[in-house]
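Here is a short tour of one protein model, written for reading beside the structure.

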Amino acid sequence: MPSLAFSVAAAMAALAPPSGVSGYTEWDSSLATPENNNDMLFSGVAQPTDSFVPEDSLLTNWTPPHSSALYKVDGWGAPYFAVNSSGNVTVRPHGSSTMDHQEIDLLKVVKKATDSKSVGGLDLKLPLIIRFPDVLKNRLECLQTAFNYAVKSLSYTSHYQGVYPVKCNQDRFLVEDIVKFGSSFRFGLEAGSKPELLLAMSCLCKGASESLLICNGFKDAEYISLALIARKLSLNTVIVLEQEEELDSVIDISLKLGVRPVIGVRAKLRTKHSGHFGSTSGEKGKFGLTTTQIVRVVKKLYQCGMLDCFQLLHFHIGSQIPSTALLADGVGEAAQIYCELVRLGANMKVIDIGGGLGIDYDGSKSANSDVSVAYGLEEYAMAVVQAVKFVCDRNSVKHPVICSESGRALVSHHSVLIFEAVSSSKYKVPTMSSFDIQHFIEQLPEDAHSDYNNLSESAIRGDYEACLAYADQLKQRCVEKFKDGSLDIEQLAATDGLCDLVAKEIGVSNPVSTYHVNLSVFTSIPDFWGIEQVFPILPIHRLDERPTKRGILSDLTCDSDGKIDKFIGGESSLPLHELEGESGMKYYLGMFLGGAYQEALGGVHNLFGGPSVVRVSQSDGPFGFAVTRAVPGPSCSDVLRSMQHEPEIMFQTLKHRIEEFVHDEGDMGGAMIAGGIAQSFHNMPYLTVGSSCCLTAANGNNGYYYCSDEDFAGGSDAVAGEDEPWSYVCA
């Protein structure tokens with residue numbers, strides 16, 4: 001390609017050495033020498049850019065449907081999330097039954113939550129979790145409907161009644177909602193620890209009498225006693241043996257309390273799936289009993305005259321079961337164990353298929369991914385009922401009650417995490433004129449001249465791989481010179497600039513920007529850090545605009561792992577818009593499908609506490625929604641207390657220090673400084689974007705916020721009335 005060769009040669013006129021510099025050959029001076037035009041370098045090569053150009057770039061107008069397709073909203077979000085004509089993400093609270101006027105605009109909810117009280121807002125700070133109990137209700141109803149349909153269509157003679165494993169999200173109002181919404185379905189709860197058991201016992205007092213209370217997890221005497229007391233309180237409690245040794249304690253304590261227990265066992269199946277979540281299944285799994293141990297349990301119960309207490313078989317293939325084929329295989333194996341227990345004389349009534357009902361995080365509907373599944377609720381239910389029925393009919397065994405512990409599938413959709421991108425940054429490759437390059441060459445150490453010569457000649461030949469190799473060699477040589485003190489920092493910076501310029505012009509520089517977000521990954525998205533679980537993330541507004549950047553998300557923590565650089569679809573960056581901070585426009589991002597596990601697993605790394613929370617229900621009023629509960633996130637005082645610090649004492653220590661070292665001279669009054677520090681204790685740890693801090697805000701007190709000792713001591717939380725529209729809990 002002569003034109004390309006000429007362009008390269010012309011470009012290298014700016015890179016070639018000047019006449020008279022030793023160690024270099026002369027170049028053809030007839031070629032043009034660009035003085036300040038880096039665009040001529042390597043012309044004809046695909047040029048990198050920090051702008052993101054979608055595949056639909058030839059379209060004249062960018063519309064919300066283009067953004068919906070770009071972010072795969074219809075794949076992972078249907079039927080609960082969509083993009084409206086204004087370019088905002090909406091929530092469809094009743095799933096596929098949602099009418100157009102019932103959709104909830106997420107941006108309007110964020111505005112209501114974050115606006116000041118003076119204009120009708122709730123004055124909450126980001127990050128923010130928005131809970132949608134209507135979505136939760138719909139998920140529960142859809143799960144029940146799917147199993148009801150499978151039971152009816154397959155002429156199954158028993159029924160389905162599920163339980164919610166509270167470990168997925170122990171939030172009080174969420175658990176209470178599940179019990180309330182599921183009461184007509186006899187929907188119950190599963191506990192895996194003593195505090196979870198206590199909350200389950202309390203909540204199920206308002207549930208249906210037939211609702212199951214499944215007691216899983218490792219158990220000591222106190223746990224077993226609580227479970228037996230729950231049965232004495234007429235709760236339908238089943239103690240599931242995770243270890244064979246637990247049986248002796250159950251028998252002994254039940255005799256002492258005079259309570260006839262209902263016992264189940266968790267079986268270790270041979271069936272398992274190979275993904276990350278399959279590690280808890282199979283013969284080597286963490287939980288459960290082998291067939292040998294199960295047979296010993298049967299014999300011991302028979303010897304004690306308690307075989308009639310053995311009524312439930314539990315198993316767990318693993319979370320995010322990818323296909324119904326694997327599901328049916330595991331359920332079939334468990335159903336055969338169930339039938340064998342019936343043959344041995346156990347009073348079997350329930351088969352608990354555990355968790356594993358997956359959700360499609362990336363919208364790919366794939367069976368070959370940890371973040372997707374190749375089935376829907378209806379297919380899942382049909383596979384389970386069909387497998388149990390087939391095995392039981394083959395063994396002439398009465399069909400058992402089918403129970404599942406589908407936590408992830410129930411609660412993942414019901415909440416959205418909202419956070420703000422506060423700034424963005426990208427390394428800008430410096431420009432270099434021919435004068436800059438000549439000066440650079442003159443300053444190069446003698447033994448680096450050959451590296452530059454090779455770089456120049458490779459560029460002229462169009463050998464860009466060699467160009468990059470020689471640029472890297474030049475950089476490494478100069479780094480070594482810098483380390484031994486023979487090269488100064490300005491020369492090293494010039495070397496870095498030249499090598500970055502070469503990479504840019506060849507087209508291998510990184511065009512991705514870093515967006516700094518007001519969030520802690522460790523607190524709010526711990527599964528991304530811990531197991532590289534990806535979640536759908538996208539802007540919740542401006543989706544009627546073409547995204548022009550690609551970016552990764554960097555959080556507030558002082559930790560190199562505090563970033564999000566993996567996204568659905570196998571992407572290492574996310575299409576984003578230019579920030580418009582100068583115009584006062586905020587840029588809100590949403591993380592979806594994170595309603596399970598994230599809140600319970602989140603820590604306080606760097607002492608960043610949890611987000612603010614609002615509970616939003618669909619309403620036929622003028623707003624289209626009602627905020628029925630609002631709670632600000634933990635304050636600095638709250639997170640300090642969680643680590644055994646005492647904020648009141650800390651404040652008094654600082655106050656005494658102020659009295660000792662700060663004198664009321666000019667505007668720097670000690671009382672005002674103390675007041676500002678006191679307010680900092682009350683504020684959330686996250687950035688307060690777009691406003692002054694409490695220590696410098698101009699409020700008529702010479703730039704300082706003032707509060708008394710009484711104000712500081714009175715920061716206890718008040719409780720908002722349940723389901724009271726626009727209610728607000730303030731600290």
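Which residues does Phe 592 touch, not counting residues up to four places away in sequence? With contact meaning heavy atoms within 4.5 Å, Phe 592 touches Trp 76, Phe 81, Val 89, Leu 106, Val 416, Phe 535, Pro 536, Leu 538 and Ile 540.

A word on the basis: this is a predicted model, where local features need pLDDT of at least 70 and side-chain atom pairs count only at pLDDT 80 or more, while totals for chains, interfaces and linings use all residues. Residues are numbered from 1 along each chain as its sequence is written, and side-chain values use heavy atoms, leaving out hydrogens and water.

Phe 592 is also among the residues with the most contacts inside the largest nonpolar core, which has 152 residues. Such a core is a set of buried Ala, Val, Leu, Ile, Met, Phe, Trp, Tyr and Cys residues joined through side-chain atoms within 4.5 Å. Helix 12 (residues 377-394) gives the most to this core, with ten residues. A second, separate core of 22 residues includes Tyr 464 and Leu 492.

| Residue | Relative accessible area | Class |
|---|---|---|
| Cys 392 | 0% | buried |
| Cys 142 | 29% | partly exposed |
| Leu 233 | 52% | exposed |

The sulfur of Cys 392 is too far for a bond, because the closest cysteine sulfur, in Cys 339, is 4.0 Å away. With a disulfide defined as a pair of cysteine sulfur atoms within 2.5 Å, the count is zero.

Notes: Buried means under 20% relative accessible area, exposed over 50%, partly exposed in between (1.4 Å probe, protein chains only). Helices (H or I, at least four residues) and strands (E, at least two) are DSSP runs, numbered from the N terminus.
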